[in-house]
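Could you walk me through this model in my viewer, one selection after another? I would like to know what to pick next and what I will find there.

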Amino acid sequence: MSSPRQILVIVHQATSSPGLVGEQLRSRDYQLDIRCPALGDGLPATMAQHEGAIVFGGPMSANDDDTLPFIRTELDWVNLAVASGKPYLGICLGAQLLARVLGARVSPHPQGQREIGYYDLLPTPTGGPYFTQPMTVYQWHHEGFELPSGAVHLATGTTFPHQAFQYGDTALGLQFHPEITTPLMTDWTTRGADQLTLPGAHPRDRHLADHQRYSSQVERWLDGFLSLWLGSAEWARSQSA
């Protein structure tokens, strides 16, 4: 009997959930190996037992490695994961960690703006096949990342111009949150209610209304995106054969 196909999932709080991303991976018969280094969970020394890795978001910064030891641990581990050639996906903090590992700067918006709610996203000329049409996507962040040297810019936005990038064949970073579901949004806007009046943020009722309006398009996009991402290592091997 073959072993189950595992995806390593890194989260950053006890209340974190892989949301819609987790649902779509499980529907493909992947088993999720969920670990939270912030709570003391260890990370594997190799990617041999996993088909890929996803690092989700959190309220901490990718620059907190001097004050939060687990951020330093994750930065070192992301380097290992990318070097393995297995598919790596960073979402929000996970993308910022990837950007830092690749030598790019992660910092707040120069005018103190936030993206908290749904915001427009546009493919770049090099965005295909992952991004082929405009979307409106869910965001929750006050920091952004520069485009790492050697990375391909896939999608852009107005407030934070670097919304998605690819490094090599198998590593991708997304600034936005395709995993968002109604229960997650309800939880985030309740626990983070104090942030909804910050510059650039949207009020809670707009979050919920926009989710009804835009979530089905994002869900369809995510289904195709995950298929491409999961197949990226196989495609890379075929090109080098």
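**First stop: Ala193**

Select Ala193: this residue is partly exposed, because its relative accessible area is 41%, which falls between the limits of 20% for buried and 50% for exposed. Keep in mind as you go that the model is predicted. Ala193 sits in the loop between α4 (182-191) and α5.

**Along α5**

Next, pick residues 204-230, helix α5. A straight helix of 27 residues would span 39 Å, yet the end C-alpha atoms of α5 are only 34 Å apart. Where does α5 bend? Centre on Tyr214, where α5 bends by about 50 degrees. Tyr214 is also one of the buried residues of α5, along with others including His207, Asp210, Trp221 and Phe225.

**Rings**

Stay on Tyr214 and show Tyr118, Tyr138, Trp140 and Trp188 as well: together these five form one aromatic cluster. The structure holds ten aromatic pairs. For another ring, jump to Tyr30, where Arg5 lies over the face at 3.9 Å from the ring centre.

**The largest pocket**

Trp140 leads on to the last stop, as one of the residues nearest the centre of the largest pocket, with Gln13, Gly57, Gly58 and Pro59. In total, 28 residues line this pocket, and its volume is about 600 Å³. Colour α3 (93-101), β7 (135-141) and α4, the elements that each give two or more residues to the lining. Finish on α4, which gives the most, with three residues.

How values were computed: Residues are numbered from 1 along each chain as its sequence is written. This is a predicted model: local features need pLDDT of at least 70, side-chain atom pairs count only at pLDDT 80 or more; totals for chains, interfaces and linings use all residues. Side-chain values use heavy atoms; hydrogens and water are left out. Helices (H or I, at least four residues) and strands (E, at least two) are DSSP runs, numbered from the N terminus. The expected span of a helix is 1.5 Å times one less than its number of residues. The bend at a residue is the angle between axes fitted to the seven residues ending there and the seven starting there. Buried means under 20% relative accessible area, exposed over 50%, partly exposed in between (1.4 Å probe, protein chains only). Rings of Phe, Tyr and Trp (its six-membered ring) pair if their centres lie within 6.5 Å; planes under 30 degrees apart count as stacked, over 60 as edge-to-face and the rest as tilted. A charge sits over a ring if NZ of Lys or CZ of Arg is within 6 Å of the ring centre and within 35 degrees of the ring normal. On a 1 Å grid over the protein atoms alone, a cavity is a set of points where a 1.4 Å probe fits but cannot get out, and a pocket is an open set with protein on both sides within 12 Å along at least five of seven lines; lining residues have an atom within 4 Å of a point. Grid points are joined across faces, edges and corners, and a volume is the space filled by probe spheres set on the points.
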